[in-house]
Each structure stands twice: as structure tokens, then as C-alpha cells.
Amino acid sequence: MSDAAQPTAAEVRAAAEAVKAALDVHLAAVERRSGEDDPAVYEAFNELAAAAEEYDELLYDRYDEVTPFEIPGSEDSLPPYAGPEEPNALSVLIRRDYAVVEPQRLLAQAGRVADLEAEPDAEAANGAGSSVHAALGVLFGEFEPDEIASRHKEFGLEEGDSTLWVTASDDSTDPGEWLEAPFEQVDPQRVVCRFDVSAVFDDDEFDPDEPSGPDAPLEDPDR
């Protein structure tokens, strides 16, 4: 950064004062919070995070120094819960990513399943073991997702990121109501809890037993 673009000492001082003021507002909101998901606390937390980030950037640009604070990004936390206090129904949304790292192992496992289930049909058995696309269809049609997760190495897969969301609702949905677009309309404010697993947490020495945001405890749901 050129000298002309550097913030002034006064701008850095003003940013520091903004952090102090945001700290006072946050503490006051916490002291008078009305419940676990008080929106005033959530708002004060975000304002404090923004002020701290601004100060950190200006401090670095002006003095080439950093703060010891690490504020979780807002994308890692959930908005205040606005769903029913006593939900009559819930939905569990799960996403698990895998990489196909051993295609031959995957094909062999699918071939074995096809041999057992349709041994007289040689064409179907051979098809399952000749295409990764067909093999995935066979394995995920035979095994439950939790079994795939626990045995993924046997199938030549490597785990990637995963997430599990539990959302609350007032009433149960009608049969077939959301099958055409099952993940299209998820209200973040009805998420009761969320559990994430990612290698990015390992890079930061992430402790799954510690919350990463004001309202979003993250942990491995398969432990």
C-alpha cells in the first residue's frame, strides 16, 4: 500500500474508540438479555465484530501490526431463532461430500452387490462394475447414508465437508409436498441446531466442543 493510501493516525484512533464503544454496547446487551436468542445480543455481537475487523485492518495498514482477536465470520453463525418454541414437527437436512479416490474399489464393491442381488442377470451385474456412475447408484441404493459414512473407505471414497441442520416447524408436511425441491426453502431462523464438519477446522486447530459463534455450536454429529 502506498503512503498516500495509508490511513491516518487519527483514523486508527477513531477505529479503536469505535471498538471500545461497541464493547460497551455488547456488554450492556448481554446484561439485559431477555433470553438465549435475544436479537439485541446478536446485533451487538455483529457490530462489535465489524468494529474489531475495521480496527484490525487500519492498524495493519498504518503500523503493520495486528490484534490478538479472532472474530468468527457472520457466515459461520445462525441468525436468531424465530421458529416455534414448542415445534410439532422437525426436518433434518444432511449434506455429506465425498471424493472418489479409488474408482476400482468402488466398482468392485458395486459389482459384488449386483452379483448378490441379481446373479442371474449377468448384464446388470457387469454394468454395476463398469461405470462409476452406475456403481454409485448401486451402492447408495443398497446401503443407508449412515452406513456409507461409516464405511466410506471400503467403497473407495474420501470424506469431504458435511453439515446437518435440524429445523423446526409448526405442522408436519403432507406426503410428497417437498419432494420436487427438498432443499429449496430452508428458513435459517427456524434452525434449532447445526453441526458442521470440515477440514478447514483442522487447519485452525478447531475444537468441536467449543462454539464458533454466538448461537451456532458446531460439532461432529457422527462422533
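This is a predicted model: local features need pLDDT of at least 70, side-chain atom pairs count only at pLDDT 80 or more; totals for chains, interfaces and linings use all residues.
Is aspartate 196 buried or exposed? Aspartate 196 is found in strand S3, and with a relative accessible area of 11% aspartate 196 counts as buried, because buried here means under 20%.

Its side chain has two polar contacts I would like to point out. One, of 2.4 Å, joins aspartate 196 to the side chain of threonine 163, and another, at 2.9 Å, links aspartate 196 with the side chain of arginine 194.

Now to the sheet around that residue. Three strands form an open sheet, ordered S1-S2-S3, with antiparallel pairing; the edges are strand S1 (89-100) and strand S3 (191-197), each of which pairs on one side only. From one strand to the next, the twist averages 10°. Between S2 and S3, which run antiparallel, there are six bridges, and if you look along S3 you will find valine 197 as the bridge partner of serine 162.

Let me finish with histidine 152, which lies in the loop between helix H6 (145-150) and strand S2 (157-169). Histidine 152 has a relative accessibility of 11% and is therefore classed as buried, given the cut-off of under 20%. The side chain of histidine 152 reaches back to the backbone oxygen of alanine 149, at 2.8 Å, and, leaving aside residues up to four places away in sequence, histidine 152 touches Tyr98, Leu157, Glu158 and Glu159.

Key: Residues are numbered from 1 along each chain as its sequence is written. Side-chain values use heavy atoms; hydrogens and water are left out. Helices (H or I, at least four residues) and strands (E, at least two) are DSSP runs, numbered from the N terminus. Buried means under 20% relative accessible area, exposed over 50%, partly exposed in between (1.4 Å probe, protein chains only). A polar contact is a pair of N or O atoms within 3.5 Å; within protein, one must be able to donate a hydrogen and the other to accept it, and residues adjacent in sequence count only if both atoms are side-chain atoms. Contact means heavy atoms within 4.5 Å. Two strands pair if DSSP finds at least two bridges between them. Axes are lines fitted to C-alpha atoms, for helices over the stretch in contact, and angles run from 0 to 180 degrees between N-to-C directions.
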